[in-house]
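Here are some notes for a colleague who is opening this entry for the first time. They are meant to be read with the model in view, point by point.

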Amino acid sequence: MTSQEHPFAALLADYVAECLPLAEDVLERAIALERTWAGGEEGADLYQPLKGLLHTIKGNSAMMGLAPAQELAHSLEDLTGLLVEAPARRSDGIDLLVQGTGLLVDQVRGAELGEVANPSEYIESLRAYLERSADLPSEATTVERRTEDRRATGDGGGHAIVRVDAQRLDALLETFGEAMIAQAGLRDAVKAMTHGRRRTKEEAALDRAALTLDRTLERLERALMETRLLPIATVFGRFTRLVRDLARDEGKRVRLEVAGGDTRLDKTLIDRLGEPLVHLITNAIIHGIEPTADRIALGKPEEAVITLCAVQRGDRVILTVGDDGRGLDPERILLKARALGVAAASETPSLEEVYAMAFLPGLSTADRVSSLSGRGVGLDVVAGSIRALGGHVTVGSEPGRGTLFTLRLPLTVAVLRSLLVEVDNERYAVPLADVAETVRINGAVVRQVAGQGMMTWRDEVIPVLDGGRVLGGEAGSGPRRYCVILRASTRHRGLLVDTLLGHQDVVVKALDPALGRPATVAATTILGDGRVACILDTGRIAEGLIEIGAR
């Protein structure tokens, strides 16, 4: 039965919203306890809140009639109490605790969708384990301990929270987008009305009213975007168990360290960020981190560290995924790239260019093929996914010291600050975050080198593309007056255009899949005059990932 068919669908949604963060916290604490107890420490700061969280989940599950989740949480409470009071049982019991908390996360997450599996087999094995434990605490002690836990936990205070369905937020954003389009039309009409002559008193008042409305909509935009922003910890919480389980499968010891989980990001980005991060973390564990024996021989700690960090800088969020493993081998990457025919044997690329080749489709340096590696996919999927979100990914590495992937993402994909340009009487929106500079040029600035337009920009020779040829217009239809310098990670590429029309916030409209997606276009928008303008895929253009000729 799906949540739409369930008579208490709204209550189930509230249950998941409240209990899923608690269950994920329980899982993270259990894994942290596993490391703490393995190191001979007590970890009271971890297990004291753990029991209170389990009690809350148990109570909420009981109220919703979710007997499997209730029984699982109850059993985990008993197991936690045993392990706390009987340190001799921790070595074999902690694995059961981590396994059970992982099942609890799955139980809570699947409740809204009606996809809750019965954990009876696990519960039976857990009960058998508890019965075998000679030092199992009495029920009276357990009840007394849980009562103390509830008193210690308390309700944590409270503040008013109103949960709004995501579809309603999307509808509100759509309405706001129409208001922005109408405001842009009003602004253009006011400018056209007073162009070339002195304004009357009424026209000046209309201009002031339009400016006030513009500022009001900006405040409304900020407030609306805030309602769509979620802590990125909602994504980070998924990887604690992934790192533990995958590392154990590979016979390695790996610890995940997370920072910046309170950094907020648009819900749309949050929903689509999981897959590329899974690829990067999996890649780090399988390829990046050495076997334990090799780490010891190199003088490294037995336990490797994967770091997952987020920080907001302006209108961008910077995510980094790093490890302290063997690092990338640039010679091996270049060898594979040459074997694929994407790098000439006579070519001597820079180190940054070699590392960028790691994102090429089909390039893999894995020695063995498994269900998770060596299939020629992975980093190219990451690059494509991040580009689709309007971001960029770069990689840096120090052989023997580790690798660091850096993902740069916009705060939101709903509204985009853009530079409007015109090419052959057609208007296009260029994401402003990808514009390094705009340059007024003359015909002598761009020179032809082996059929490729080139120009010198800030002591760097960069390729230049004609906007007409790139965008399907008439290449060479006339001299272009401006060059927009696009950037993607460390690369720059010039795009020749006819006119710069200024900056404008545009509402992003996704392309209908039935219409196809041109290589140079990421999305569309509607301008103030009602015309449709294409939003350029500046990442693909700047990185040279489209088949086009030069002017």
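**Notes on a proline and a sheet**

1. Proline 276 is found in helix 11, which covers residues 267-288. Please keep in mind throughout that the model is a predicted one.

2. Is proline 276 buried or exposed? With a relative accessibility of 0%, proline 276 counts as buried, because the cut-off for that class is under 20%.

3. Leaving aside residues up to four places away in sequence, proline 276 touches Val382, Ser385 and Ile386. The C-alpha atom of proline 276 also lies 7.1 Å from that of valine 381, although 105 residues separate the two along the chain.

4. The second topic is the sheet, which is open, is built from 5 strands in the order 2-4-5-7-6, and has mixed pairing. Its edges are formed by strand 2 (254-259) and strand 6 (392-398), each of which pairs on one side only. On average, and with direction ignored, neighbouring strands of this sheet are turned by 15° against each other.

5. Helix 15, made of residues 379-388, packs on the sheet, where it touches both strand 6 and strand 7 (402-410). The direction of helix 15 makes an angle of about 140° with that of strand 6.

6. Which residue of strand 4 is the bridge partner of leucine 256? The partner is isoleucine 306. As background, strands of a sheet pair through backbone hydrogen bonds, in either a parallel or an antiparallel manner.

Note on methods. Residues are numbered from 1 along each chain as its sequence is written. This is a predicted model: local features need pLDDT of at least 70, side-chain atom pairs count only at pLDDT 80 or more; totals for chains, interfaces and linings use all residues. Side-chain values use heavy atoms; hydrogens and water are left out. Two strands pair if DSSP finds at least two bridges between them. Helices (H or I, at least four residues) and strands (E, at least two) are DSSP runs, numbered from the N terminus. Axes are lines fitted to C-alpha atoms, for helices over the stretch in contact, and angles run from 0 to 180 degrees between N-to-C directions. Contact means heavy atoms within 4.5 Å. Buried means under 20% relative accessible area, exposed over 50%, partly exposed in between (1.4 Å probe, protein chains only).
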